[in-house]
Amino acid sequence: METPDCGIPEHLATRMSMAEQYEYLRTKLTRRRTLVTAGAVAAGGLLTGCAGKGTTDGKAAGGKTSRPATSKVPGAVVTPFGRHLAFGGDPKTEMRISWQVPFAVKRPYVRVGTRPDDLSRRITAEVRDLHTPGLTGVRPAVEQYYVHAALNGLRPGTTYYYGVGHEGYDPAAPAHRPTIGSFRTAPANPEKFVFTAFGDQGVSNAAAANDHVILREDPAFHLHAGDICYADTNGQGKTTDGYDPTYWDLFLKQNEPVSRSVPWMVTTGNHDMEAWYSPDGYGGQLARWSLPENGFDPSHAPGVYSFVYGNVGIVALDANDVSYEITANLGYTDGKQTKWLDGRLRELRATKGVDFVVVFFHHCAYSTSQHASDGGVRTEWLPLFAKHQVDLVINGHNHVYERTDAIRDNAVGRAVPIGASTDPTKDGIVYVTAGGGGRDLYGFPAGVKESYEGHVTRHGTVDTVQWAKGQHTKAETVEWSRVRYRGFSLLSVEAESGSTPRLRVSALDGDGKRIDHFGVRRGH
């Protein structure tokens with residue numbers, strides 16, 4: 001077996017399956033990910049980083065050299081697509097630019113500047129290649145190439161313009177100037193900003209329509225609560241799941257009009273456990289996304305991280321770790337994620353200038369729709385949310401919009417009708433299921449009516465279930481289901497600082513019409 005330029009010793013490669021080879025390479029890749037960063041640029045201190053002088057020599061800090069990608073296809077005919085942004089650990093100074101190419105390329109890079117006609121600064125990027133083995137009679141083998149560049153040392157509150165390229169394809173060339181994108185770093189002290197959120201998007205006309213609504217909201221960033229693409233159609237985290245990796249090509253093309261300018265902050269759902277790449281299913285995630293590497297273990301849990309934007313601390317979690325419903329990854333962190341969560345929430349509550357803490361993840365803590373509520377999430381994390389007085393929790397998983405009253409001690413702490421406000425320090429926490437991102441929709445239990453702005457029905461109890469240990473359900477009758485809407489939708493949250501900090505939370509349907517709104521204020 002020949003393994004040219006693959007980085008695996010031949011005596012090991014001959015004994016490895018394709019998944020094991022990928023895991024070996026992914027582990028090596030992860031060890032160097034923090035090293036392959038934006039190059040230092042002397043002019044005005046625009047960018048600082050670890051990759052030498054920021055040209056295209058491919059060298060990282062410490063003299064390490066990433067493996068160059070090679071291709072028989074001329075670079076001039078290879079067109080980048082699927083641009084998507086993400087913050088680094090500090091949104092004021094760090095941005096990650098990612099994209100895809102249909103063939104391997106040499107010496108990929110980003111051009112960046114503060115004017116679209118001056119992209120003179122050139123930042124080295126890295127290629128993360130992803131091999132999906134074929135299945136006889138089902139699918140051919142697929143090679144995919146994802147490219148990433150880390151920009152550090154940026155100026156707060158500044159608009160940057162960028163273009164992505166490689167040897168033979170210069171984004172600054174006149175023919176490619178229409179591909180130039182832009183982004184804005186977080187201001188040092190924003191007084192007001194908006195972020196959006198949903199889960200369960202996939203590839204569809206409805207998903208694309210939701211993207212247009214996001215653009216109209218002009219958010220500082222977008223939170224994606226998992227079940228990103230649905231290349232894995234079964235969502236059980238097994239190699240027996242139906243899987244087509246080329247759906248990722250379609251997904252990234254679909255989202256590019258928004259994700260090229262709005263940081264797309266994702267976490268992992270059950271359909272994102274792709275068992276072909278690594279034992280935990282996250283090898284594909286590591287190849288496709290560059291997310292903040294400040295969670296408990298970025299090399300194995302890429303969807304666990306946090307960042308602070310303005311007066312809001314955001315925490316992303318991987319609920320596959322605690323789910324009683326879908327158990328492929330149940331307990332895979334051996335409690336480390338939950339321990340990290342406790343510490344991170346404590347840190348955010350002690351951070352000067354952080355008024356609100358928002359947590360997002362996939363499986364629902366409280367929902368009455370098809371997947372219902374997950375008892376594992378309730379058992380492991382809700383005590384920590386209460387302990388640290390989390391202000392808002394956003395989930396996906398159920399393909400509906402459903403919003404609770406403020407919940408305290410697993411019961412209604414305060415009713416929060418449409419248009420009302422709540423105080424997490426005394427009322428409890430509002431949980432939002434924002435699973436109408438674009439995938440086929442679900443419904444609610446038989447006889448339970450929708451209730452949303454302009455269509456409010458009588459509030460009452462709902463007979464539903466929650467998932468318990470052993471993958472079985474137990475019945476419960478609940479009073480906390482306040483707003484229910486089964487159309488496509490997304491969440492839009494306006495954060496305001498100053499003397500009276502508040503969150504104004506709105507839900508919008510696929511046309512941008514408001515279907516719910518409420519406020520969050522602490523200590524009012």
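Q: Buried means under 20% relative accessible area, exposed over 50%, and partly exposed anything in between. Which of these terms applies to K92?

A: The model is predicted, and the classes are read from it. K92 has a relative accessible area of 28%, so K92 is partly exposed.

Q: With which residue does K92 form a salt bridge?

A: The general idea is that side chains of opposite charge can pair when their charged atoms come close. Here the partner of K92 is D90, and the closest N and O atoms are 3.1 Å apart. D90, at 24%, is partly exposed as well.

Q: How many salt bridges are there, counting a Lys or Arg side-chain nitrogen within 4 Å of an Asp or Glu carboxyl oxygen?

A: The count comes to 20 salt bridges. One of them joins R83 to E256, with the closest N and O atoms 2.3 Å apart. This pair links distant parts of the chain: R83 belongs to strand β1 (residues 81–87) and E256 to helix α4 (residues 247–259), 173 residues apart.

Q: Are R83 and E256 buried or exposed?

A: R83 counts as buried because its relative accessibility is 5%. E256, at 11%, also counts as buried.

Q: Which parts of the chain does the salt bridge between R514 and E453 tie together?

A: The closest N and O atoms of R514 and E453 are 2.9 Å apart. R514 lies in strand β27 (residues 514–520), while E453 lies in the loop between β21 (430–434) and β22 (462–468), so the bridge ties together parts that are 61 residues apart in sequence. R514 is partly exposed at 37%, and E453 is partly exposed at 23%. Elsewhere, salt bridges that share partners join D342, R346 and K387 into one network.

Q: Over how many bridges do β1 and β2 pair?

A: β1 and strand β2 (residues 95–101) pair over five bridges in the antiparallel sense. In this pairing, F87 stands opposite M95 in β2.

Q: Which residues of helix α6 are buried?

A: An α-helix has 3.6 residues a turn, so residues three or four places apart point the same way. Helix α6 (residues 336–350) has 15 residues and reaches 21 Å from its first C-alpha to its last, close to the 21 Å expected at 1.5 Å a residue. Its buried residues are Q337, T338, W340, L341, D342, G343, R344, L345 and L348. They pack against β12 (305–309), β13 (312–316), β14 (356–360) and α7 (375–387).

Q: What does Q285 touch, leaving out residues up to four places away in sequence?

A: Q285 is found in helix α5 (residues 283–288). Because its relative accessible area is 3%, Q285 is buried. With those sequence neighbours left out, Q285 touches I228, W248, T267, T268, D272 and P302.

Key. Residues are numbered from 1 along each chain as its sequence is written. This is a predicted model: local features need pLDDT of at least 70, side-chain atom pairs count only at pLDDT 80 or more; totals for chains, interfaces and linings use all residues. Side-chain values use heavy atoms; hydrogens and water are left out. Helices (H or I, at least four residues) and strands (E, at least two) are DSSP runs, numbered from the N terminus. Buried means under 20% relative accessible area, exposed over 50%, partly exposed in between (1.4 Å probe, protein chains only). Two strands pair if DSSP finds at least two bridges between them. The expected span of a helix is 1.5 Å times one less than its number of residues. Contact means heavy atoms within 4.5 Å.
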